[in-house]
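Here is a short report on selected helices and loop residues. Please look over the sequence and the structure first.

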Amino acid sequence: MKIQDIQAIQLLLATPKKIVIIPHRGPDGDAMGSTLGLYHFLIKNNHQATVIAPNDFPNFLAWLPGSETVKIFEKETEICTQILEEAEIIFTLDFNAFHRTGEMMEQVLQKLKATFIMIDHHQKPDDYATYTYSDTSYGSTCEMVYNFITFLNKKEDIDKTIATCIYTGILTDSGSFRFPGTTGNTHRIIAELIDLGVENTQIPVLLFDNSSFSRLQLLGRALQNMKIFEDHKTSYTTLTQEELDSFNYVKGDTEGIVNYGLSIKGIVFTAIFIENKEEGIIKISFRSQGGFDVNQFARDHFNGGGHSNAAGGRSEASMEETVNKFEDLVKKLKL
């Protein structure tokens, strides 16, 4: 981050401000960990801070300290709009384009006069922010929030509560430290967070070992639906709305299922297609290992984007048409 930007932000935060912190729509562990970690830091420094999420976050993140204070734009549109209009500073974390908040919230954000500060690790950021900390080399936005606090010469403010939020985002977005963005420095930060009291043996249990029986059944169905293209080192699976409903789907139940496709020997590219009839779309997650760029694949073919090895997309066609398109594309790949 540029030294002049850091100095300007230090000056901005030198006196109490009304601040809003926003994650992307469909917030994951990194989005919620980074926003709540920053929230606790700002509260500790006497600011009036509010986290406003575009929509609900998964139940398996509801234990995060401060999650009960998060306002949901979709549910409390009027009060959230008012808070946004009164904000002096708005932090956008773990996304870099307003459309990632959904159409309704995007329209509100576009009209605001507040100072925007972006902290994000995705590719091709939009230019809406006054101050931008954008770096695709980081495996998580939470690691960048740790750096951001350090840049402000406030590292001593990172306590167990802030550390717990940051640890959670690093753990989830790094694939439990397996993804390429995990560096030696990532582990050094993790060590510091553990030294601050983070319960590193308990957090993975809260995140990954707290499934309902219906969620495990849904995972079983997704694995049954999986198809393999050995010659193209690709796998994919599908979940229809009917299948989601039959296993009492709740938000967060499909989290991580896409990664099972990469656990198969010889597979370097995988995807999951999830039908959402309410929105009239097929939501898609892509994962890869090695040099295949799923960010570019998602941008080129499925109105999406993300990271080189982890991206998302969407299709307004039917499940059958979407999957057929994917299969045709895969057959042209040389992986």
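## Thr168 and its helix

Thr168 is found in helix H6. Helices (H or I, at least four residues) and strands (E, at least two) are DSSP runs, numbered from the N terminus. Thr168 counts as buried because its relative accessibility is 0%. Buried means under 20% relative accessible area, exposed over 50%, and partly exposed in between (1.4 Å probe, protein chains only). Leaving aside neighbours within four places in sequence, Thr168 is in contact with Leu61, Trp63, Leu64, Ile203 and Leu207. Contact means heavy atoms within 4.5 Å.

This is a predicted model: local features need pLDDT of at least 70, side-chain atom pairs count only at pLDDT 80 or more, and totals for chains, interfaces and linings use all residues. Residues are numbered from 1 along each chain as its sequence is written, and side-chain values use heavy atoms, with hydrogens and water left out.

## Helix H6 as a whole

How many of the 14 residues of H6 are buried? The number is 11, so H6 is largely enclosed by the rest of the structure. Among the buried residues are Ile162, Cys165, Ile166, Tyr167, Leu171 and Asp173. The buried residues pack against helix H2 (29-44), H5, helix H7 (184-195) and helix H8 (203-208).

The 14 residues of H6 should span 20 Å at 1.5 Å a residue, and the end C-alpha atoms are 20 Å apart, which agrees. The expected span is 1.5 Å times one less than the number of residues. Asp159 caps the N-terminal end of H6: one of its side-chain oxygens lies 3.2 Å from the backbone nitrogen of Thr161. After H6 comes Gly175, with a positive phi near 60°.

## H5 against H6

Two packed helices are described by the angle between their axes and the distance between the axes. Helix H5 (residues 141-151) packs on helix H6 (residues 160-173) at about 140°, with the axes 7 Å apart. Axes are lines fitted to C-alpha atoms, for helices over the stretch in contact, and angles run from 0 to 180 degrees between N-to-C directions.

H5 contributes Cys142, Glu143, Val145, Tyr146 and Ile149 to the contact; H6 contributes Ile162, Cys165, Ile166, Gly169 and Ile170. These residues divide into eight nonpolar, one polar and one charged. Ala, Val, Leu, Ile, Met, Phe, Trp, Tyr, Cys and Pro count as nonpolar, Asp, Glu, Lys and Arg as charged, and the others, Gly among them, as polar.

## Helix H9

The buried residues of H9 are Ser214, Arg215, Leu218, Leu219 and Ala222. Seen down the helix axis, they fall within an arc of 145°, so they line one face of H9. The arc is that of the directions from the helix axis to the C-beta atoms. Strand E8 (234-239) and H10 are included in what covers these buried residues. The face turned away carries the exposed residues Phe213 and Gln224.

## Loop residues

Asn46 sits in the loop between H2 and strand E2 (48-53). Asn46 has a positive phi of about 70° although it is not a glycine. Asn46 counts as exposed, at 59% relative accessibility. Asn153 lies in the loop between H5 and H6. Its phi is also positive, near 60°, in a residue other than glycine. Asn153 is exposed, with a relative accessible area of 58%.

Is Gly261 buried or exposed? Gly261 counts as buried, at 0% relative accessibility. Its place is in the loop between helix H10 (241-246) and strand E9 (269-276). Leaving aside neighbours within four places in sequence, Gly261 is in contact with Met226, Ser235, Ile267 and Thr270.

Note on methods
Polar contact = N/O pair within 3.5 Å; in protein donor to acceptor, adjacent residues only side chain to side chain.
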